[in-house]
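I opened a new structure today and kept notes as I went. The entries below follow the order in which I looked things up.

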Amino acid sequence: MQRLDEFEIRMLDILQREGRKPVTELAEEIGLSATPCARRFEALREAGVIKGFSAQLSRRALGLAVEVFIQVRLVSHSDESPETFIAAVQRMDEVSSCWTMTGDHDFLLHVMVPSVDDLNDFVMHRLMRLKGVRDVHTQLVLQNIKGPGHVPIGHLRRESGSADE
């Protein structure tokens, strides 16, 4: 893990909330001049700490009324099932995120679709028909309380010797 100083930690904190903030304003807010701030910003991008910038879209405003988490268990791990499943999921636009998991299920999918009928179609006619899928467990999201998008960085302040804010 790259060691970050207080300027860089504050920069990351601000950019998570306001990714479009101009470097001049960012520099002023963290207490640096524009040139050193820009150099630090580029160094963080080159190191892979800052992966990129994107727009946060409202799923509801785009007609995606149903949000679910789906746990998937495969029949076997000793054949090509995991790789086949991963390749199929990467082609499914409805799946916004996918993780491999420990425990009773092998994968956790974050899925958004327009309606319950679309969810049924996705689960029954696409997901369950993938080779190697044993079973699925679907959990409907009632309300999103927090996230996505925030990466905790408080531990970086403790590591750099600064007090928590």
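Predicted model: local features only at pLDDT ≥ 70, side-chain atom pairs only at ≥ 80, totals over all residues.

**Entry 1: Q71**

I asked which residues Q71 touches, not counting those up to four places away in sequence. I found H105, F107, L108, D135, V136, H137 and Q139. Q71 itself lies in strand β1, which covers residues 66–74. The relative accessible area of Q71 is 24%. Buried would need a value under 20%, and exposed one over 50%, so Q71 is partly exposed. I also looked up one C-alpha separation. Q71 and M101 are 30 residues apart along the chain, and their C-alpha atoms are separated by 9.1 Å.

**Entry 2: the sheet**

I then turned to the sheet that holds β1. I read its order as β2-β3-β1-β4. These 4 strands form an open sheet with antiparallel pairing. Which strands stand at the edges? They are β2 (95–100) and β4 (133–140). Each has a single partner strand, so one side of each is left without a neighbour in the sheet. Neighbouring strands are turned by 20° against each other on average, direction ignored.

I looked at one pair in detail. β1 and β4 run antiparallel and are joined by 7 bridges. I picked out V72, whose bridge partner in β4 is V136. V136 is also one of the residues that Q71 touches.

**Entry 3: helices on the sheet**

Helix α4 (residues 81–90) does, touching β1, β2, β3 (107–113) and β4. The direction of α4 makes about 20° with that of β3. Helix α5 (residues 116–127) packs on the sheet too, and touches β1, β2, β3 and β4. I noted about 15° between the directions of α5 and β1.

**Entry 4: α1 and α2**

I moved on to another pair of helices. At what angle do α1 and α2 pack? The angle is about 125°, and the axes are 10 Å apart. That makes α1 oblique to α2. I recorded the crossing as right-handed. From α1, the contact uses F7, R10, M11, I14 and L15. From α2, I listed L26, E29 and I30.

**Entry 5: K21**

Last, I looked up K21, in the loop between α1 (6–17) and α2 (23–30). Is K21 buried or exposed? It is buried, with a relative accessible area of 15%. Leaving aside neighbours within four places in sequence, I found K21 in contact with I14, L26 and E29. The side chains of K21 and E29 make a polar contact at 3.1 Å. I14, L26 and E29 also take part in the contact of α1 with α2.

Terms used: Residues numbered from 1 in each chain as written. Heavy atoms only, no water. Helix = DSSP H or I, 4+ residues; strand = E, 2+ residues; numbered from the N terminus. Buried < 20%, exposed > 50% of the residue type's maximum accessible area, 1.4 Å probe, protein only. Contact = heavy atoms within 4.5 Å. Polar contact = N/O pair within 3.5 Å; in protein donor to acceptor, adjacent residues only side chain to side chain. Pairing = 2+ DSSP bridges. Axes fitted to C-alpha atoms, helices over the stretch in contact; angles between N-to-C directions. Parallel < 35°, antiparallel > 145°, perpendicular 65-115°, else oblique. Left-handed = near helix turned anticlockwise from the far one by under 90°.
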